[in-house]
Amino acid sequence: MKPVRVGVIGLGMIGQIMHLPYLKESDAYELTAVCDASPKLTKRIAEHFGVPFATTDWREFVSHKNMDAIVILTINHSEIAIAAARAGKHILCEKPVTFSVKEGLEVKKAVDKAGVVFMVAYMKRYDEGYLLGKKYFDAMKKRGDVRLIEVHDVCFDDML
């Protein structure tokens with residue numbers, strides 16, 4: 001089976017730590033395009049991951065022909081998701097998909113009309129640390145022992 005040609009838009013910490021490395025190491029996907037508002041970051045990510053198409057223009061990115069699907073990791077997702085659906089791209093969108101019900105319904109309408117697959121992502125859903133934390137939380141809840149739970153994530157110094 002041919003790999004799914006994927007583009008990633010939004011190249012910040014979550015993209016660099018989670019999505020890009022996983023897409024690159026999997027034989028099921030081929031990274032074909034990247035996009036970010038930062039020209040320097042876009043260029044560095046494209047070089048680092050060997051991605052042939054890089055742009056800072058999200059409209060140019062969405063209309064790129066050498067993509068079957070896109071991963072949306074930006075701050076605002078709805079406008080990009082609607083344009084991607086209209087361009088016939090399948091979509092994996094990080095949460096939150098939208099900031100209002102109205103926007104959500106607009107995304108759904110575009111996805112339904114285009115007949116593309118749309119999935120909401122949460123990159124920590126199957127993370128071992130998350131699962132272990134959930135196990136501890138569930139045990140505390142069962143004992144009625146939940147007082148305060150504080151969670152921190154870690155940022156790495158070697159991000160591009």
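Me: Which residues touch the most other members of the largest nonpolar core?
Reply: In this predicted model, they are Ile9, Phe61, Ile70, Ile72, Ile80 and Ile91. The core has 22 residues.

Me: Which elements give two or more residues to it?
Reply: Strands β2 (29–35), β4 (69–72) and β5 (90–94) do. So do helices α3 (58–63), α4 (78–86) and α5 (101–114).

Me: And which one gives the most?
Reply: α4, with five residues.

Me: What is Ile80 in contact with, leaving aside neighbours within four places in sequence?
Reply: Ile9, Trp58, Val62, Ile70, Ile72 and Thr74. Ile9, Ile70 and Ile72 are also among the core residues that touch the most other members.

Me: What about another core, apart from that one?
Reply: There is one of 14 residues. Val6, Leu20, Phe49 and Val51 are among them.

Me: New topic. Where is His64?
Reply: His64 sits in the loop between α3 and β4.

Me: Buried or exposed?
Reply: Buried. Its relative accessible area is 17%, and the cut-off for buried is under 20%.

Me: What does His64 contact, leaving aside neighbours within four places in sequence?
Reply: Thr32, Ala33, Phe53 and Lys89.

Me: Now helix α6. What span should its 16 residues have?
Reply: At 1.5 Å a residue, α6 (residues 128–143) should span 22 Å. Its end C-alpha atoms are 23 Å apart, so the two agree.

Me: What follows α6?
Reply: Gly144 does. The phi of Gly144 is positive, near 70 degrees.

How values were computed
Residues are numbered from 1 along each chain as its sequence is written. This is a predicted model: local features need pLDDT of at least 70, side-chain atom pairs count only at pLDDT 80 or more; totals for chains, interfaces and linings use all residues. Side-chain values use heavy atoms; hydrogens and water are left out. A nonpolar core is a set of buried Ala, Val, Leu, Ile, Met, Phe, Trp, Tyr and Cys residues joined through side-chain atoms within 4.5 Å. Buried means under 20% relative accessible area, exposed over 50%, partly exposed in between (1.4 Å probe, protein chains only). Helices (H or I, at least four residues) and strands (E, at least two) are DSSP runs, numbered from the N terminus. Contact means heavy atoms within 4.5 Å. The expected span of a helix is 1.5 Å times one less than its number of residues.
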